[in-house]
Amino acid sequence: MVSRKKSSRKAGKKIQRPQDSAGKNFAAPVSADSEKTDAVRPNPASVVQEKQEQSMYAGDRSVKFDFIGKNRYWVIFTLIIIITGIIFFFVRGFNFGIDFLGGNLMEIKFQKNVTVAELRNEMEEIGYGKAILQNTADDQFIIRTTPLSDEQKELILTSLDEKIGIERPIVQDRNVAPGFSRTIIRNTLIAVAISIVGILIYVWIRFSVRFAVVAIIELIHDVLLILSIYTITFREFNATTIAVILTILGYSLSDAIVIFDRIREELRINKRDRFPVIINYSINKVLTRTLATMGTTLFPIIVLLIVGNETLKDFAFGLFVGIISGAYSSIFVGSPILIAWNSRFPKYKK
Amino acid sequence: MRSRLSNIITVIVFAIIIGICFYFIYPFQSSIKLGLDLKGGTQIILKPTETGTEEVTDEALDKAQLIILNRIDELGISEPLVTRDFNRNIIVQLPGVDDPERAIDVIGKTAQLEFKILESADENENPVFGPTLLTGDKLVKASAGYDQGGQIVVTMSFNDEGAEQFAKITTENVGKRLAIVLDGEMKSAPVIRQAITGGDAVIENIGTLEEAKDVALVLQTGALPVNLEIQESQTIGPTLGQDSLRQSMLAGIIGFVLIVILMVALYRGLGAISILGLLCYIIIFWGILAGLGTALTLPGIAGIVLTIGIAVDANVLIFARIKEEILKSKSKYAAFSEGFRNALKAIIDANITTLITAAALYRFGTGPIRGFAVTLAIGVVISLFTAVILVRAILFLIVDSRVVTPGFMGVKIDKRLSGTAVKEK
């Protein structure tokens, strides 16, 4: 076995050179080289040989990791996070930003360093003791209040300028009318619904209905997980968060698709092994890819998480969670469901 | 599979495309327009609601947009952008405004000017009006200034039709009080002492000259056919935008270096070629953004980060397959062909699901989310060309070369083979 392989490999190498140089010569009749071509080009004979070789490989299920065997632990782990998220949602809810509640946000750079307590005192004196203060640098603050009129805004700015001294123009200023978020929420739900239906139909056509349903469950898992992380960490939930969720909706499914593609291929080639074995094998086969792609996408995002300003961090945080969740769900959420479904309604070898 | 000639042609076509892109990219500094969140500026989202007379139709909104543009021009703000979103909100973007509050005021003012007879007014200044006799659309000119008494006024001239009506009104109502109502607020109600035929009228009771100028400006540019409610106004100072841009660039560069290291570590020579593909991807992406004049926003940058991930992903999928084929003792040529063929389905399926979402986001998203959807879609399509077609052409051109050894592809043949052999026994 070993010797056959090694020798065929060597032979292939030797033959390849003259064959390929013949291939470059367009005028050369193919038949003249047919003997050499056989060794390399996939003509019918070599395809048969390849099939045999693959089925021999298929017997070799020496895979690195057993993802399927520990199925239930992964399911429990996923459920714990999401249930914690739901509990937090009912106990504390989301930390909605002004995009959702309406209100005013000013980011101000002061002429000297200011502590939260100092600024809180000043704001109380002007009559805005309830403002939410968040320092973005030693001398820079985000001040969130209810919606402000121009006069109120000017009052705050001039008072702070007299007491502490501020840099003008201020870093940013944002005013959102209450109720505006209704449109954002409606649009988001429409966009989510439309893309879910679109993806459902597409995966159904390209794979099968069970893969389509599993894909949607993975998507919903990813969205629920992001939402859970937002309630648990109580990070501000704003328009950026919505954009991030929509982004993850479009992106995270590619991990699942790659695994589905591999399962689809294995099911065609390998008629011998049981369904869970095939799934485990497929996941192992694409594991390097899943990790490599997760890595390459996460690199710039992690850098943003470290060096970015508040807006960028908002983006990076959500994407970070979403991308990891997408990779996780493609392995640990999709496969248990596929296997459970198949054991109940067998379509492939149990 | 494909002939050498077609591979050479592919590479040449890409070289030409990249040349064209450089034409758009050059000069570097000004090639890409930056969105408000990156260069600073003011964005206002205005929600139209019906005025008493007119419904919110597309024509009314078109007219409103035009009037807003005129007002912005009168304010002397350059490069404004007035667009409409899916919910028919009007979105006004003004880069670098000195006095955003004033701009927001002027833009959102309906400027519905009405002349009515004041029938009665009680102590609490609750006026009772007669029917509207004349409106602001008959104006030809409005200007701010002082009257003989040194009071701040806005002087208005009517067109012929307006002047005629005004003359008629003043003739018929001598001795009564004519109320001048701006956006529902009575500005003044002088007693008509005699018929006015000259076609001029004045608005009094205006606080400052600045305010008078704004009133004249909005009257001059005409009343908005719809009422506009300010839903959101946002002003980003120039420093914040610069910070975001600098940090994103830094993240991009560090991220790119890490991607290079990872790809070369995993796939050696193949990885290096995919980096070449990735560079072409970035140049073409940049060229298209510059060519289309699309403004780059923060969500757009997020989109670019993701599409770089997608572009690299396509190569990772292909190379992983090539490695597998090499391990099955295929020849280099067969391994490359099979590798591309096997990976293509997954690449296309994954990209199409991404495009489906991008389409939904574009159709139903607002402002920045749309920008993100556009960059995502452009990126997905370009990445298919660079990561699949270009990289494939280059690989097949060098497949014969002595350089392309298993080591070049990141495969350790001997160790692996003996490993499988042991397991197979």
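# Two chains in contact: questions and answers

Reader: How many residues of chain B are in contact with chain A, and what makes a contact?
Author: 71 residues of chain B are in contact with 69 residues of chain A. Two residues are in contact if their C-beta atoms, placed from the backbone, lie within 7 Å. This is a predicted model: local features need pLDDT of at least 70, side-chain atom pairs count only at pLDDT 80 or more, and totals for chains, interfaces and linings use all residues. Residues are numbered from 1 along each chain as its sequence is written, while chains are lettered from A and ligands numbered from 1 in the order in which they are written.

Reader: Which element of chain B gives the most to the side that touches chain A?
Author: Helix 9 of chain B does, with 16 residues. Helices (H or I, at least four residues) and strands (E, at least two) are DSSP runs, numbered from the N terminus. Elements that each supply at least two residues include strand 11 (227–236), helix 7 (238–292) and helix 9 (332–364) of chain B.

Reader: What makes a residue on that side of chain B nonpolar, polar or charged?
Author: Its type. Ala, Val, Leu, Ile, Met, Phe, Trp, Tyr, Cys and Pro count as nonpolar; Asp, Glu, Lys and Arg count as charged; the others, Gly among them, count as polar. By that rule the side of chain B that touches chain A has 36 nonpolar, 22 polar and 13 charged residues.

Reader: How do you know that strand 5 of chain A pairs with strand 11 of chain B?
Author: Two strands pair if DSSP finds at least two bridges between them. Strand 5 (residues 172–176) of chain A has 5 bridges to strand 11 of chain B, and the two run antiparallel. They therefore pair. A:Asp173 stands opposite B:Thr235. The bridge partner of A:Asn175 is B:Ser233.

Reader: What is the strand order in the open sheet, and which strands stand at the edges?
Author: The 8 strands run in the order 3(A)-4(A)-2(A)-5(A)-11(B)-1(B)-3(B)-2(B), with antiparallel pairing. Strand 3 (132–137) of chain A and strand 2 (81–84) of chain B stand at the edges. Each has a single partner strand, so one side of each is left without a neighbour in the sheet.

Reader: Why is B:Ala111 called buried?
Author: Buried takes 20 or more other C-beta atoms within 10 Å of a residue's own; exposed means 12 or fewer, and partly exposed lies in between, with C-beta atoms placed from the backbone. B:Ala111 has 23 such neighbours, so B:Ala111 counts as buried. B:Ala111 is in the loop between helix 4 (100–108) and strand 4 (113–121) of chain B.

Reader: And why is B:Arg268 called partly exposed?
Author: B:Arg268 has 18 C-beta neighbours inside 10 Å, so B:Arg268 falls in between. B:Arg268 is found in helix 7 of chain B.

Reader: What makes the backbone at B:Ala111 and B:Arg268 worth a look?
Author: Most residues other than glycine have a negative phi, and most peptide bonds are trans. B:Ala111 has a positive phi of about 65 degrees. For B:Arg268 the positive phi is about 45 degrees.

Reader: What makes a set of residues a nonpolar core, and which has the most residues?
Author: A nonpolar core is a set of buried Ala, Val, Leu, Ile, Met, Phe, Trp, Tyr and Cys residues joined through C-beta atoms within 7 Å. The largest has 127 residues, and B:Leu317 and B:Leu361 have the most contacts inside it. Helix 8 of chain B gives the most to this core, with 18 residues. Leaving aside neighbours within four places in sequence, B:Leu317 is in contact with residues including A:Val258, A:Arg289 and B:Ala343. Another core of 49 residues lies apart, with B:Ile107 and B:Leu134 among them.

Reader: Is B:Leu397 buried or partly exposed, and what is B:Leu397 in contact with?
Author: B:Leu397 has 14 other C-beta atoms within 10 Å, so B:Leu397 is partly exposed. Beyond neighbours within four places in sequence, B:Leu397 is in contact with B:Asn7, B:Ile8 and B:Val11. B:Leu397 and B:Arg4 are 393 residues apart in sequence but 6.6 Å apart in space, C-alpha to C-alpha.
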